[in-house]
Amino acid sequence: MSRRTLVVVGHGMVGHRLVELAVERGLVAAGWDVVVHAAEPVPAYDRVGLSSWFRGTTAEELSLVEDGFFDSPALDLRLDDPVVSIDVEARTVSSRCGTVTPYDALVLATGSTAFVPPIPGSTGRGRFVYRTLEDLEQIRAAAQGARTGAVIGGGLLGLEAADALRSLDLSTTVVEFAPRLMPLQVDEAGGQALLRLVEDLGVAVRTSAATQVIEERESGLRLVFADGEPLDVDLVVFSAGIRPDDALARGAGLHTAERGGVLVDETCAASAPDVYAVGECASAAGRCWGLVAPGYAQAEVVVDRLLGGRRTFTGADLSTKLKLMGIDVASFGDSHASTAGALELVYANPVAGVYSKLVVTDDARHLLGGILVGDASAYPVLRPLAGADVVLPADPAELVLPRLDGASPGPGAAALPTTAQVCSCRDVSKGEICTAVREGGCRDVAGVKACTGAGTVCGSCVGLVKDLVQDELSTLGVAMSSALCEHFDLSRAELFEVVRVQGIRSWSTLLAGHGRGLGCDICKPTAASILASLDNAYVLDGERGMLQDTNDHMLANLQKDGTYSVVPRIPGGEVTPAHLIVLGQVAQDFGLYTKITGGQRIDMFGARVEQLPLIWKRLVDAGMESGHAYGKSLRTVKSCVGQTWCRYGVQDSTTLAIELELRYRGLRSPHKVKMGVSGCARECAEARSKDFGVIATENGWNLYVGGNGGFRPRHADLFLQDVDTETLVRTIDRVLMLYVFTADRLQRTAPWIEAMEGGLDHLRAVVVDDSLGLCRELDTAMERHVATYSDEWADTLADPQRLARFTSFVNAPGVPDPSIAFVRERGQIRPARPEEKGPTLVSGPRLEVVRS
Amino acid sequence: MNDWTSICPTGRLPVERGMAALLDGEQVALFRTADGLHALSNRDPFSGAMVMSRGIIGCRGRRPMVASPIYKQAFDLETGRCLDDPTVGLEVYAVRVDAGMVQVARPARALSA
Ligand code: SRM
Ligand SMILES: Cc1cc2nc3c(=O)[nH]c(=O)nc-3n(C[C@H](O)[C@H](O)[C@H](O)COP(=O)(O)OP(=O)(O)OC[C@H]3O[C@@H](n4cnc5c(N)ncnc54)[C@H](O)[C@@H]3O)c2cc1C
Ligand code: SF4
Ligand code: FES
C-alpha cells in the first residue's frame, strides 16, 4: 500500500504532541508520513513554562523536541512557513512559501492568539501580549530603561506576566476588570486572600477597573479608567484572555463555534472529511479549552481514530495551579459548587494568608472540588480525589488543615483508587504508575517519568508520583532503599546527621553504634568524607587512613598502571611564570607526562608511590599546595580574565574565582564540586556548566546552581540576581554546606537539586529565608572549615610517620615497582601497553623507559 | 615444604590496610586485619596493575575482602577468589609471625579457578 500523508498545521504544544503520538502509537509505522507547518521560526516549545525564560531558562531548554526527532524521513517539519489556505475539495493546503501539499488527513493545531481589547490606543509602542518567545524578547527589550509596567488582566496568565515584569525590575500594577483576581478560578473569599498575597509581593492591584483608553504621552503611556485615577506606565502587557485561532478554518468554510473555535465532534473531526482540530483552536465538547491537558487528550483521540480506534473527547478537568510568584493557588474539580446539593466547607486563616474551600457531596462523603489559596500542598492528592469514589474522613478538615505531627495534610497516595488520574497533563492514572513500577521495572521518579510521561509537563504531580513509587516499592519489598551498603541501614545524609548531632569523631564509634560487620569500600570512604567535612583533621591519621578511597589514600590520583598523577592547585587558573617554571622543572626532573587539564590547571602523570613526597617537597617549597584532584571536594574554580583585561568584562571575575577557590579548597563533600566565574554574559568560563556558576552583571553577580558536565550535562539554574560579593559568598557557603549535609553519596549538585522536593524554591527558602532555621549551623560549619583548612601535602611532608605510607615495598623501600614501564610518544612518556612490556613483567627490580 | 622469608616487623604494617612486599621479585600484598595477616598476589587481574595492596579492606557478607583500587572488584582475603567474578582469583601466600617478624612463603600450589 502506498504511504499516506498527515498534514499538521501548527507546531505548538498540542501539534507536537500529536506528532509524537503518531510515532509512539504506530501511525508512522502503519504507513503515514507527517508534514508539519509551523508559523513560528522555532520548533515547538513549552509554552506552559514560558515565563521561566525570564529566570534564565534558555529557548533550547524550553524546546519540546528531542534531539534528532525530526531526522526520521517520515517526518517533515517546515518552520516559519504558515499555512495560508486550505482547499477541502482538492484536499490540499497551501503555505506562505508557496508549497501546496495534498493530505489524506489534516489536523488543525493553530492554538490561539492573545486577545487585545478593542479600546482606543491598544496597539503601538510599549504595548505587548504574552504568548510567544518573540513576545517575551520584545518585552525584555522594552523593559530596559523602563521603570513601570501594567498588566491588563488579573487571571492566571496576567499574574504570570506581572511576575515577569516584576523580575525585570519594573514597578508593576495588575489591572483587572472583575472585582477579584483570577475570577475564573477562585471565589470571592479566595480572591481576597490572593489579593493580599500578591500585594505582599510588591505588585499593585486594581480590581473592578475598566480600561477605556490608552493615551500616548511624551514619556510613556497613560491608562484611563471608567472611574478612578489614571495610571501612568512605561509599558503595558495585555493578558485579557485568548481567542482561538480559527481564521484558516473559516477561510476554508469549516464550521466554527459561536464564540470562536473550529467546531469538532467527539472524535475531534471538523465539518469537512478527514479534517480534525485539536488544542486551543478547537471548540470541543461545547467549548474551547485554554489548557494544555485537554489538547493532549484530543491529540490522543485523533491519532487513535486514524489508527481505527474508538476514543472520544467528552470534556476535561480544568484544575489549575498557579506556578509562579511563590504563591500557592489551586482550584480543581467543581470548585464553584455547581453540582446539585453540593456543600462548601471553608477553612480560612487570614493571618497566615491561607484559605481553603472544599466542595463535597450533600452527604459530605465524597469530594467534588475545591480551592486552595496560600497553601496548596494538598493539591496533588486532592485533585484526583475530586469526583473519585473514595469516602472522605469523618472530618474532611483533615484533608486541608496542617497536622500536629507535621506530616502533610490529606489522605496520602494510598487512598487514591487505581483509576484516579494522577497526572492530568499527560492523563496518567495511579494504576499506570503502579504498573510501571511493578511490571515496568521503574525504580524511581525519573524512571516513571520516562516510562509514562507523568510529571513531565507542569510538574505539579511529581510529589504524588514520588509517594506512589515509594508505596509501590515498599509493597514489593524492594523499598526504595536508601541504605548505604550492607553495613549501614542509614543513607549518607542520615549518617551525616547522626555524626553531626552525636558529635561522633571516629569510625569505630560510628560502626559500633550504627553499623555492622567490618565495613567496605562504600561505607568506609563515605564515613571518611563525613568525618572530614565536619572536622578538618589530617585525613590519613589514625583510623582515618584505613577508610580513604584509592586516591585520598595516597593524596594523588591512581592511574591505570598503578602510577599516580600530581595536580597542584592553580586557583582560578591564574599562574605566575615562576610557578610555571617550577612545574616544568619538576616534571622534567621526574620524567612526568604533562598536560593542561580541562579544569585550567596542570596535571603531571606517571609518578610512583615513593616519588610522591619528593615531588611534593619541591612543589610545596616553591609555595604550591594540593589541588585535591584526588578528593571528593572542591576541584577548580574556572575563571576568565574579566574586567581586568577583557574589553567586555564588567566585574573582576579572576579575583572572585581565586577567592572562591581558596575559600572552599579541601572541603570534603558527597561528590566533587566545580565552580566557574565569568566576567560578563559572554560566559567564557562556562560557569553555567558548573555546580556553582557566577556570571558578572553591571550591578553585581548572578549566581547559578546545579550545573553539570559529565555524564548527564545540565546547565545551572539562575538562583540569585545582581547580588554583591558578600551576599554571593554567603549564599554559596550555605548551599554548598547544605549539599554536604544532605546529599547522597556520589550525588552531584545537579541530581541533588533535581531530587529536592520543592526544587529551587525550596532551596532558596532554606538558604535565603532560613525557613528551616538552619542557616546559622551552615554558616558556622563553613567558618570552621575556612578557619581550619590546612594543606595536606605540607602536613604530610612535615611528619616522618605520615611519610612512611609512601613506600613502594615494605621490605625494599625505594625500589621502584618493576612492572611499571613507559614508552615515549610526542616527546613524553606514556604507560607501555602489555604487548610493549615484554615477558619480564613480574620479575626483576628493573625500571626502564623504553626509547623509541 | 614452605620456605619462609622475613619481610618486616609486624608493627610496620598499618592496621586494616595493606602494604606491598617483594618476594624474590614477586609482588605480594600484605594485609593486617583484626583477625590476623593475609598475603595475596599484588597484581589486580582486571587492570594488570600491581595495586592490590592499596585496596580498602572490609567484608562482604561473612567473607573478609579487599576491593581493588582500580575497578573496585572485591577479593576474598582468605581464598583469593574474586567475589564479583568467580572465574578470577589472586594467588594466596602463606603468612605467619615469627619473633615479631612477618614471614611469607610461596604457595604450595597455584590457586585453581
Ligand atoms: C585530568 C582531567 C582530564 C584532562 O586531561 O583534562 C580529568 C580526569 C579525570 N576525571 Fe574528569 N577530568 C578533568 C576534568 C573534567 C571535567 C571538566 C571540568 O572540570 O571543567 C569534567 C566535566 C565537568 C563536571 O564534572 O561536571 C569531568 C567529568 C568527570 C566525570 C563525570 C562527572 C559527572 O558528574 O558525570 C568523572 C567520573 C566521576 O567523577 O565519577 C570524572 C573522573 C575523572 C577521573 C578522576 C577518573 C578516574 O577516576 O581516574 C580522571 C582522573 C584524573 C587524574 O588522574 O588526574 N571526570 N572531568 C581533568 C582534570 C581537571 C582538574 O584540573 O581537576
Ligand atoms: C504564559 C503562558 C502560561 C501558560 N500556563 C499554562 C498552565 O500552567 N497550564 C496549562 O494547562 N496551560 C497553560 N498555558 C496554555 C497552554 O500553553 C496552551 O493551552 C497550549 O500551548 C495550547 O497548545 P496548542 O498547540 O493548541 O497551541 P499553541 O501552543 O499556541 O500552538 C499553536 C501554534 O500554531 C501556530 N500557528 C498558528 N496558525 C498557523 C498557521 N496558519 N500555520 C502554521 N502554524 C500556525 C502558532 O504560531 C503556534 O506556534 C499557558 C500559556 C501561556 C502563554
Ligand atoms: S566572559 Fe566576558 S569578561 Fe570574561 S573573557 Fe569572556 S567576554 Fe571577557
Ligand atoms: S499534572 Fe502536570 S505534569 Fe503531571
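A: Begin with contact: heavy atoms within 4.5 Å. By that rule, A:S52 touches A:T57 and A:L62, leaving aside residues up to four places away in sequence. The model is predicted: local features need pLDDT of at least 70, side-chain atom pairs count only at pLDDT 80 or more, and totals for chains, interfaces and linings use all residues. Residues are numbered from 1 along each chain as its sequence is written, chains are lettered from A and ligands numbered from 1 in the order written, and side-chain values use heavy atoms, without hydrogens and water.

Q: Is A:S52 buried or exposed?
A: Buried means under 20% relative accessible area, exposed over 50%, partly exposed in between (1.4 Å probe, protein chains only). A:S52 has 14% relative accessibility, so it counts as buried.

Q: Which residues of helix α10 of chain A are buried?
A: Helices are DSSP runs (H or I, at least four residues), numbered from the N terminus. In α10(A), residues 445-452, the buried ones are A:V445, A:V448 and A:T452. They line one face of the helix, because they fall within an arc of 60° seen down its axis; the arc is that of the directions from the helix axis to the C-beta atoms. The face turned away carries exposed A:A446 and A:A450.

Q: What follows α10(A)?
A: A:G453 does, with a positive phi near 85°.

Q: At what angle do α10(A) and α11(A) pack?
A: Axes are lines fitted to C-alpha atoms, for helices over the stretch in contact, and angles run from 0 to 180 degrees between N-to-C directions. Here the angle is about 110°, with the axes 9 Å apart.

Technical notes: Helices (H or I, at least four residues) and strands (E, at least two) are DSSP runs, numbered from the N terminus.
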